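This report walks through a two-chain model. Start with the sequence and the structure.

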Amino acid sequence: MPVAHAVASGMNGLRAAGDLVARLEMARGMKLAEAKVYVAEKLGTGVADLADPLVMHEVRGELRLGRVFEAETTYPHDPSPQEAKRNIAALLDLRINGAGT
Amino acid sequence: MERRFITRLGDGSAVALTRSALRAELEEGTQAAAARAKLPPLETPELEHLLDIFASAARFSAVDIGDEVVLSFDGSGTPQQGSRVNALLQYEQCLAADSCELYHSDYSYKAVKTVVGVEQQAMKEARERLTIPVHYGAQPDLGRYSAPDGPCGNWAELLPQMRIDDARAAQEEAVELAVEDMVYVATALWEAGADGLNFDTAGAGGDADFLATLLAVERLRAAHPGMGILVGMSGELVLGTHGQLEYRGTRLAGLRPAAQLEVVQQAGATVFGPAVNVNTSRTVAWNVARALTLMKPCMAVARIPVHANAGMGVGGVPMNAFAPVDAVSRCSRACVDILRLDGL
């Protein structure tokens, strides 16, 4: 079921910018449209790019926000999750609990 | 002869219906909700759009590019995925989750209280290994506080005996205990690094259960202004097992999703999850039309994100542990397209 929802309607999390938008909804009670605009502005992308995995994979890599990897596409020098979350916190001007921010 | 499309019943079984029959299902579903809850039915363009979703031979349906929403999950992971934290990592890396939820298999704040140290350790590991938000979730589950599982009188037994005052007193006592447990556990997991807390199936034990949740959220919000708090409901109507309980002047018994959202907002939650239960004897189309009719009023009053519950047996999704993707994807798309909500 989670896969069905993710493919049908999800922003695809770490593959794109879904986790970033999710943080603003959960932490600040920000509505989806507002959260998307906020994240896009911070990333320097358009709102339409937020769910595009090709665009966001590059953006996340450049900004060191953490990204997915797999057997044939590895990123040994990518930040750890804790470092990635500190970068996310700084980028979004958001305190992330437990990430030293 | 009119073409038939494979569709599903609320239990997940397949049936073949014509476009005309599916149209009738959608109209009956929205009218059923409108009549019962005294709400406007879905509008004709909305029903036509739903008809296009359901009267389709496609195995899968999805929102338009650009209309994607945030997905929050309760109880992320299954035993086949390995450890609980491994399961969360798979949600992040392989299942494209926007967030995930660490949980204990005994999904109750009362139960977790006794093993909270273990949960804190798991949360610590989870936040070290994951980049996406990791929430912690459990249920208020007020019934656990009644005998024989808990110290309070059993109102489910007292009510049929017409001992109304005793039943109410027992629930009021249980509310106080439940609030303390929820605040204790939520605080512990927040201190361990959770990105947010989820109070799942709020109101499952009736208005007292819902009140306990609201009071816990209120205290947590006051103590932790930055805490993410998600309140997910158990159903489209708060049952009046007590009948007289109020929250800030609003009687809780009988509240529908929009009114549920109002008090949840007042308490200080950051995300609200309405739930509409599935009738397993009716089609998914009927159930979706009914669910959307009941949830639609939420969007006009929502100041916080609305994440419609679209899991097993709610939001139109079949009541089946292995719900078919053709049904799940249609429900997913229907909720987004019609409600224009903030997530699922």
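## A helix of chain A set against chain B

The buried residues of α2(A) pack against two helices of chain A, α3 (32–43) and α5 (81–92), and against β5 (196–202), β6 and β9 (271–273) of chain B. Contact here means that two C-beta atoms, placed from the backbone, lie within 7 Å. Helices (H or I, at least four residues) and strands (E, at least two) are DSSP runs, numbered from the N terminus.

Helix α2 of chain A spans residues 18–28 and is mostly covered, with 10 of its 11 residues buried. The buried set is A:G18, A:D19, A:L20, A:V21, A:A22, A:R23, A:L24, A:E25, A:M26 and A:A27. A residue is buried if 20 or more other C-beta atoms lie within 10 Å of its own, exposed if 12 or fewer, and partly exposed in between; these C-beta atoms are placed from the backbone. After α2(A) comes A:G29, with a positive phi near 65°.

## Basis and confidence

This is a predicted model: local features need pLDDT of at least 70, side-chain atom pairs count only at pLDDT 80 or more, and totals for chains, interfaces and linings use all residues. Residues are numbered from 1 along each chain as its sequence is written, while chains are lettered from A and ligands numbered from 1 in the order in which they are written.

pLDDT is the predictor's confidence in each residue, from 0 to 100. Chain B has a mean pLDDT of 97, and 100% of its residues reach 70 or more. For the complex, the predictor gives an ipTM of 0.93 and a pTM of 0.95.

## The interface

On the chain B side, 48 residues are in contact with 39 residues of chain A. Four elements of chain B each supply at least two residues to this side: α3 (84–93), α5 (116–129), β6 (228–233) and α11 (325–339). The largest share, 6 residues, comes from α11(B).

By class, this side of chain B has 25 nonpolar, 14 polar and 9 charged residues. Ala, Val, Leu, Ile, Met, Phe, Trp, Tyr, Cys and Pro count as nonpolar, Asp, Glu, Lys and Arg as charged, and the others, Gly among them, as polar.

## Chain B overall

Chain B has 11 helices and 9 strands. Its radius of gyration is 20 Å, close to the 20 Å that the globule rule gives for 344 residues, so chain B is as compact as a globular protein of that length. The radius is taken over C-alpha atoms, and the rule is 2.2 Å times the number of residues to the power 0.38. Along the principal axes, the C-alpha atoms fill a box of roughly 65 × 50 × 35 Å.

Of the 344 residues of chain B, 58% count as buried. Among contacts in chain B with a separation of 6 or more, 74% join residues 24 or more positions apart.

## Strands of chain B

Five strands of chain B form an open sheet in the order β3-β4-β5-β6-β9, with parallel pairing. β3 (100–108) and β9 of chain B stand at the edges with a single partner strand each, so one side of each is left without a neighbour in the sheet. Strands count as paired if DSSP finds at least two bridges between them. β5(B) and β6(B) run parallel and are joined by 5 bridges. B:N198 stands opposite B:L230 in β6(B).

β1 (residues 4–8) and β2 (residues 14–18) of chain B run antiparallel, also joined by 5 bridges. B:R8 has B:A14 in β2(B) as its bridge partner. This hairpin has 5 residues between the strands, and B:G12 takes a positive phi near 100°.

## Loops and backbone details

The loop between β4 (134–139) and α6 (155–158) of chain B holds B:L142. B:L142 counts as buried, with 30 C-beta neighbours inside 10 Å. Not counting residues up to four places away in sequence, B:L142 touches B:A174, B:A178, B:G205, B:A208, B:D209 and B:A212. B:P148 lies in the loop between β4 and α6 of chain B. A cis peptide bond joins B:A147 and B:P148, with omega about 5°.

B:A96 is not a glycine, yet has a positive phi of about 55°. B:A96 lies in the loop between α3 and β3 of chain B and counts as buried, with 24 C-beta neighbours inside 10 Å. B:R340, not a glycine either, also has a positive phi of about 55°. B:R340 sits in the segment after α11 of chain B and is partly exposed, with 14 other C-beta atoms within 10 Å.
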